[in-house]
Amino acid sequence: MANDKSDISGEVISGDTTNLNELTSLIQGVLQQTQDRFQHMSDQIIRRIDDMTKRIDDLEKNITDLMSQNQIDQPQP
């Protein structure tokens with residue numbers, strides 16, 4: 001009778017360990033997906049900032065060129 005009880009306890013512990021391992025794997029997968037999504041969004045934001053920086057630089061150059069063509073004094077920095 002005692003032997004039957006220890007067999008059942010062993011199966012429960014083994015089952016709990018399996019469930020815990022599955023849960024751990026599931027959580028790790030979700031965390032990895034979340035990290036991948038954040039990395040993707042971060043990369044997109046950085047690309048957009050770089051693009052906006054280039055546009056601003058181009059706009060500044062065009063304004064400077066227009067001012068030069070019209071002989072407008074440029075403000076001193």
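**Figure 1. Salt bridges of the predicted model.** Three salt bridges are present in the structure, a salt bridge being a side-chain nitrogen of Lys or Arg within 4 Å of a carboxyl oxygen of Asp or Glu. The model is predicted: local features need pLDDT of at least 70, side-chain atom pairs count only at pLDDT 80 or more, and totals for chains, interfaces and linings use all residues. Residues are numbered from 1 along each chain as its sequence is written, and side-chain values use heavy atoms, with hydrogens and water left out.

**Figure 2. Close-up of Asp 51 and Arg 55.** The closest N and O atoms of this salt bridge are 3.6 Å apart. Both residues belong to helix H1, four residues apart, about one turn of the helix; helices (H or I, at least four residues) are DSSP runs, numbered from the N terminus. Asp 51 is partly exposed at 36% relative accessible area, whereas Arg 55 is exposed at 52% (buried is under 20%, exposed over 50%, partly exposed in between; 1.4 Å probe, protein chains only).

**Figure 3. Close-up of Asp 58 with Lys 54, and of Asp 65 with Lys 61.** Asp 58 and Lys 54 are joined by a salt bridge of 3.1 Å, N to O. In the salt bridge between Asp 65 and Lys 61, the closest N and O atoms are 3.0 Å apart. Asp 65 and Lys 61 are separated by about one helical turn because they stand four residues apart in helix H1. Asp 58 is partly exposed, with a relative accessible area of 36%; Asp 65 is also partly exposed, at 31%.

Definitions and conventions
Helices (H or I, at least four residues) and strands (E, at least two) are DSSP runs, numbered from the N terminus.
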